Each structure stands twice: as C-alpha cells, then as structure tokens.
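This briefing sets out selected structural features of the model shown below, grouped by topic.

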Amino acid sequence: MLTGLLRRFSIRTRLALGLSALLAVAVYATAFLVSSAVSNVIASDIHEALRNTTRTFATTVSSMANASVRNRLSAVAEKNLEIVRAIHRRERNGEITEAEAKKLARDVLLSQTIGQTGYLYAIDSGGKVVVHPHKEVVGTDVTDHEFIRTLMKTRRGYLEYDWKNPGDAESMKKVLSATYFAPWDWIITASAYRHEFGDLVSPDDFRPAVNALRLGNSGYVFVVDRNGLPLIHPRDVPSMLGLKDAKGMPFGSRILTERNGSIGYWWRDAPNAEPREKFALFKEVPAMEWIVVATVYTDELYKPLFQIKVLTYGIGTVTLLLMLLLGMAVSRSITQPLSRFMDTVDRAGQGDYGVRVRDAGNDEIGRLSKHFDRFMDQLVASITQLENETEYRKYEAFQRHLFEEVFVNALEGICITDAKGTIIAINPAFTTITGYSEEEVLGRNPSVLKSDRHPKEFYDQMWGALSANGHWVGEIWNRRKSGEVYPELLSISAIKETDGQIRHFVSVFHDMTDEKRKEEQIYRHIYLDALTGLPNKELLLDRIAMAVGHARDRGAGVGLIFIDLDNFKNINDSMGHPVGDTLLQQAGRRLVDEVAPGQTVARYGGDEFVLLLENVRETDMVSFAEKVLHALKQPFVISGTEVFVTTSVGLSMFPQDADDPATLIRNAEMAMYQAKDSGKDSYRMFAAEMNERALRRLELEANLRQSLLKREFVVHYQPKVSLTTGRVVGAEALVRWSLADGSLVSPAEFIPLAEETGLIVQLGEQVIETVCGDIEGRDFPSDFRVSINLSTTQFRQKDLIKSIRSIVEQSNVSPQQLEFEITESVLMQDIDLNTAVLEQMVEMGFSVSIDDFGTGHSSLYYLKKLPIETLKIDRSFVRDIVTDPSDALIVQTVVLMAGSLNLRVVAEGVETNAQADLLRTFGCSTVQGFLYAKPMPFLEFMAYQKAVNT
C-alpha cells in the first residue's frame, strides 16, 4: 500500500521526502544518544561523590575506633604490669613468699574484665598457660595457635586475630595487648572481642563534620546505629525502623537490612507539600555497627541534564533544515539525466537498434546508460549468431549418429537415465550382463539391480559425489535378474545443460565376478582363521589400523573387547581336542551373532577372541561386554553333551587408552587379566592406573611386610559418647600406617591388601597387643570398653580364640574391657559356626558387637540366636537421617528392635547436632563421630576423656 502511494509522486519528490525522514531520524537519534551519554556521565560523577563522602566518613570512624581500642587495651595491660611489679617488690622485701605473690597476682588479674567478655591471662615464654579464667586451660601448651607463637617471640605489643570458641558457628575478631614481666617469665595479656569496644567512640566527635556536609541545596549526611536510632541528624527524626516514604515504602527498614547500597524514595518537606523523589546512598561502619547515609533530592542532582537536552535538540533541528536544502539539490541532479535515459529507451522499443544514450557521467545513471549501450551492441551480435546456428545443427546430427553406434556395440553395460533416475535407454551389453531386457527396465529406476549389500550411507555418499563433482567411480554389488549377486566396476557421469542443471545420468559398468573370485581365494588363505573362518590376528591388526585412522578423522571412538574362555585348557585336556575345536567354532558364531553387521569378530589365538567395534562410546562397550558374558555363559551342546564355560573380558578404547593397534590390544588384554584375577566371569575397562596399580601394589605389599616386622603400625582411638550423660563411655580402636617418608597410607588401601595377602592376621594381632598395652593398668569405669574390629580372614582363622586369649592373659587386661566388632555380612555367611565362635568369646568375658548393621541380611531370628550385646548402625544411614525420612525410619526401627532384644545401640558417623538430637529422641544410647572427636593417639584420647568426664 505504501509503495503504491509513493509511486503517485515523482522521483524528485520521493527523494526529498525520504531524505528528510532519514535525516530527521538520524539527527534526533544522535541528539538523544549524546544527551543520554552526557547524562550518564554526570549522574555517575554525582553518585561517585556521594560514595566518596560516605566512604571517607566510614574510614575516619574506623581509624579512630582502632586507635581507641589499641590505647584502651595497652593501658589495661600496662596497669596490670605495674600491679604485678608492686606485688613482686613486696616479695623481694620479704613481706610475702613467691607462691603468695604469684597467687595474689593471679587473683588480681582474674578479678578484672574487659568489656562484656574480655579478660586478662598470662603465659610463659614457652607457650604454657600460667594464668587464665578457665582453670582447665592452666598448665596446657597453647603453642599450636599462631598468635601465641607471635607473643612468644615479641613478648609484648598489640595483636588482632580470629578466634572461634567450641560450639561457635563462625570465628570472630579478637584483639590483645601484651606486656612482659621478666622475673616470673610472664607475658601478661589483656584480650577482648573487637566488637565490644564500640562505646569508645562518641557520635558527638563527628557531629560538626557531618552537619557541615551539604549536597546540592538541601542534601545532607546523617548517621544511625544498627537499631535505626539517629546518632547524627540535622533534623529531629525518630527511629529509622518502620520509617516509610510518601508512597508507603518502608525505606528505613530496608537501609537497616541491606546496610550497604543505594535506594530511591519519595519525601515531603512539609505535611501538605508535594512529594519529591529522593536518592540515598548508605554504607556500614562495621567497627561501630553504624550506618552513614547521604541523601539529596533527585531533581537537584539532574538539573544540569535538562539544559543539556534542550541545547542538544536545538542544534539538531538547525542541522536538519540545512540538510533538507542540500537534499533538494541532490534529487534534481538525479532526475534530469534519468528523464533523458527514458526517452532513449522508448526509441529503442520502437525498433531503432542503432540508438545509444552515450552518457559520460560516472554516477549510477551514467553506468546504467553504458550498460544499455552494451546491451544494444550484444543484441545486434545475437542476431548475427542466430544466422549461423543452422549450419552447426547439421554437424551435431552427424555426431549423434556416431555416438549411437558406439553405444550399441560396446562390451560394457551402459544405462542412461533422466535427471530423476528413470531409465530411458540401455545397450545390448546391459542385457547380457544383468539378464534384463530393454522392455523390462525402461521407465524403471536402476534400483531394480540393487543387491541390499550396501547400507543407505553408501548410496548417500555416491549421490553426494555426483552432486558435488558430477562423476562417481567405484565397486558395487548388484543383482542379476536370476537373483545372483555379482560385483561390478561402475562409473556414473552427470550430463548437464548449459545452465548447469543435470539433464541425464550415464552409467557404464564392467562385470568383475571372475576377478573377485580369485581375490577371495587369496584373501581367505592369508587373513582368515582356518578353524573358525573368522578374521585372524593379521587381518584384525589391519582393520584396527583402518578403524583408528577413520576415527581420528571423524573424532569418533573405537573399542576393543578382548575375550578369554576361562578353564578352556581343562575342557581340551579332559574331553579331547575335537570337542575343544567345536567349542571354539560355536563360541565364534555366538560372538558374530551379538555384533552388528560391519563390526569385526576375530580369533586372536588359542581360546582368545577380539571384538572390534567402531563409532562406539564407553557405555556401548559396557553393554557389549555384558552381552558377551551372557551369550557365552549359556551351555554349549557338543555331541549331545552340555559344556559350560565362563569368560573374562577386557575393554580398551581409542583414543582414551591407546593411539595404535598394538597398544590398544595390549591394554585390552591387560584389562582381561584384571577381570580374570578378580574372579573370572566378569569384565574390566582398561585404566592407566592398572600399570601404576600393579607397581604400587608390589611396593605396598613389600612395605606392609617390613612395617609388620618393625611394628610401625599405630592405633588411634575414637571416643564413644553417651547421649544421656555426655560422658565418654568407650572407644573404637582404629589402625593407622605411616610410612618412613612421612606419607600416610589410607586404611581403604592397605586393609584390603592385608586381607588378600593374609597379613591381616598378623596385623590384627598387633592391634590387639597395642590396645592391651595402652589400657593396661588404666583406671577406667567398669562399663568402659574399647572395641576392636575383626576382619573376615581373622574371624575365620582356626586359632582365633587361642590367639586372643594368649594376648590378653599376657597383658593382664580384663576381658570385660574389650569388645570385638564383626561385620554383619561376615556373621551371616555360616550362622551356626559363627555362633559357636562368638559363644566362646562371650564365655571368656569379651563383648561382641555387630558392625555396619543394616547393610547385610540379618533377621530377628538370628539376632536372638547370636550372643551379641551391641548393634552398631552404619554411617550410611546416619548421614542423611535429618533429610531422608526413609533413613530416619530405618534408624528408629533398629533402635526400637534393639531395645526389645535388650541390645545396646551405637550410631557411628555423627557429624552434626541435628543428627545427635534426632538420635536422642529415637532412644539411641551411644554415638561416635566427628561431632565429638576424630580418632586420636592414646594419650590425646586420655586427655580428651578426662576433660569431658571431669
């Protein structure tokens, strides 16, 4: 509609209107952008000035507070130094003894407080506490704290440090001032929390400076405390808490909540005045818990911006008028030569082919005129060319007859189709090779010859090459009319029109049946296994190399599955080699059935097979491995007899595990042996750690044997705490291993190794001996027990009872002080035999606990039958007890069940107060975990037990 409307006007008018509209948009858009940019800069400067004001004031307050705190603490420390000196003078004068003097000095120091919780204490230059309000700390070594080590070096001065009391969620800033009294080697320290010194600074100290600050005509700065009460304000304003603006927004509480930032609000200077928008920027002074607020009316801030906008748009309007005058002149220069060009075109349309514009201008109209002149020249030349076309067509007819003779007499089959692939002509050789006559294929698609031996991708690539290059040559399998599949060498060319559009396709093919038959005989002899007919090792390596090359180009994955038939040698020796050969043949056929067409199954040698899988991921490899295990686990029927085998399978992948065929096979084989070592009938994915793990295992086993000979293993103790009384009622003994170079070996690494090598028995005996040596002669309560874990191998050794009795009797430790923990899964393996062993232990006076309860398959019947005293709930249930209702229900059920069977319950892995509180409500009696203490050496455990139980 708009185009039709504009066509009613001349080009000159349209150019003037269009140029005017374009200039107006450009000028006013530029004016808008310039004014906006300048406005943003000015606004940014104003906001930065407000920030500098609040920041400077906050910095001043913090500096004064720091000086006040330092002076106050220094004065306290120096005052008490003088008091101690005076007491010492009395000692030197013989008025009192040294002990009386030190007691008097302690009483004086401990009688004073600093702020709400601050106090005085003293340490000696060796880091030992000599005076402290908390008596249990006196005499302890506190050099593990960084600030104590600093005091030991300087002996005097001012320090700030972070301190976190037991039970606190976060640490807080603390300050101290210390002096040194050399006669007694006392470092006298005055210490308090940093935030308790807020009363040292008065708001009146800053009132003149704050009231002198002015922002614009009516802007000002004021200060409030953390509760919103104004400390410095030019007006009589109530508490900021609950203060609302003219539109009801609670901006006062927002400032108190955010404490740092900026806010806009509406304010009335008088009850009946119109509300005006205000801007406030506020910053907290953390040391004083004050908030400094700078506020000013928005219209006062942005008054200069309005003037800038008026000036900018005024300049833009004048510029627009000048540009319109220039536009009129430009449009006139365009339309005059255009009119002359249209007159010349009208004359050419009337048949005057000799007419020319001959405009020498260099603008678009001049170039258009030159193109018109060249067009007229070409038109005259075309007329001449048409006169010569007749002679050329006669020559073309002769050439076509010659080509038809070649087409009919050629020995290769020829097929011509149109652009859509419909057959329009064949030669006699086509019928000889395929068996199809001309009547049977004309009008049909060449897919009538399709053999179904090639995937869809093969034909997609063929047509892709034809579209891109116009030609394709390659070997292909087709099918004769009789149904016989045969190979042929095929060449397809696209015949195109002069405009590039495809008009026909010409296919020329040669029957390669005889050549392929000879190649196949040579191939089978060299590359196929004679027994199974599968590719042999040489062909496998060649295909892996090709697969890796293709995968490297496409960024895809290649996988190898190395398969070994477990115990095949036994079958071969016991049932004979013919049975073994048949088993290998059937196994090969099953593997071929499990893989997709195009994938490779090879016999690597003996009873080993390899699957080569292309374009796979790790998850695909795992799925194939499971299918292989399942397929070969089914019975093989050989001469009416069922033969069973299992397999060990190793997996490796390119490019993750190797970059060449030999290494890829070696790594898959290594993974297979890993699976065989793990008990056979399983698979393992290769990992680089396998080589490292093998070396690490040999080294670790050698170190384990040496450490056992040198008795380098130590025992740590984790307290068991009563939820009712909070007292330490027992401990769990846990073995730890530190190598000679100081590195620690995780129990998760050396315990399974010790189990596997049988060294766990010797290690377990050393743990029992160490525990008995530690607790021998200690004055523990009668119900105090140390629990010791018994591994699977330990528990199954025949002389377990004899070994334990010998160790305990030699140490003079009462059996009532020891408890042995056995995992639930071990006890459930042979319930009758295990019950007899446990009964012997109980008869000797030992207690028995089921460890990791809930992870096995025990039942109420067996719990009643076993002579146990305690159930230990596994940490996996305790970990999510607060957030997972299922775990909470399981734990509560175990506690109730244990109560009905008169069994004690210990929950392990307690790390939060919420877990402990919930276990207490369930009725759980005893817990252990990092909430209370980590495993620790025996002497540290004794100190911890004494501190908690005192």
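Two strands are taken to pair if DSSP finds at least two bridges between them. Helices (H or I, at least four residues) and strands (E, at least two) are DSSP runs numbered from the N terminus. This is a predicted model, in which local features need pLDDT of at least 70 and side-chain atom pairs count only at pLDDT 80 or more, while totals for chains, interfaces and linings use all residues. Residues are numbered from 1 along each chain as its sequence is written, and side-chain values use heavy atoms, with hydrogens and water left out.

**Hairpins and antiparallel pairs**

- Strands β12 and β13 form a hairpin with four residues between them, and G421 in that turn has a positive phi of about 90°.
- Three bridges link β12 to β13 (residues 423-426) in the antiparallel sense, with C415 opposite I426 of β13.
- Strand β12 (residues 413-418) also pairs with β16 (residues 502-511), antiparallel and over six bridges; here G413 stands opposite F509.
- A further hairpin is made by β5 and β6, again with four residues between the strands, and D185 there takes a positive phi near 60°.
- Eight bridges hold β5 and β6 (residues 186-193) in antiparallel pairing, and W186 in β6 is the bridge partner of F181.
- Strand β4 (residues 157-163) runs antiparallel to β5 and is joined to β5 by seven bridges; Y161 has K174 in β5 as its bridge partner.
- Strand β5 (residues 172-181) is largely enclosed by the rest of the structure, because eight of its ten residues are buried. Buried means under 20% relative accessible area, exposed means over 50%, and partly exposed lies in between (1.4 Å probe, protein chains only).

- An open sheet of five strands has the order β18-β19-β17-β22-β23, with mixed pairing.
- Its edge strands, each pairing on one side only, are β18 (600-605) and β23 (682-685).
- From one strand to the next, the twist averages 20°. Axes are lines fitted to C-alpha atoms, for helices over the stretch in contact, and angles run from 0 to 180 degrees between N-to-C directions.
- Strands β22 (residues 647-654) and β23 run parallel and are joined by four bridges; V649 has Y683 in β23 as its bridge partner.
- Helix α14 (residues 537-554) packs on the sheet and touches β17 (558-565), β18, β19 (608-614) and β22; the direction of α14 makes about 25° with that of β19. Contact means heavy atoms within 4.5 Å.
- Helix α17 (residues 618-633) also packs on the sheet, touching β17, β19, β22 and β23, and its direction makes about 160° with that of β22.
- Within helix α17 lies H630, which counts as exposed because its relative accessibility is 54%.
- H630 and D681 are 51 residues apart along the chain, and their C-alpha atoms are separated by 9.5 Å.

**Nonpolar cores**

- A nonpolar core is a set of buried Ala, Val, Leu, Ile, Met, Phe, Trp, Tyr and Cys residues joined through side-chain atoms within 4.5 Å.
- The largest such core has 79 residues, of which Y717, V771, F795, F820, I822, L871 and L919 touch the most other members.
- Helix α21 (residues 760-775) gives the most to this core, contributing eight residues.
- Leaving aside residues up to four places away in sequence, V771 touches V715, Y717, A733, V786, I788 and L818.
- A second, separate core has 30 residues, including V595, V601, V616 and A625.
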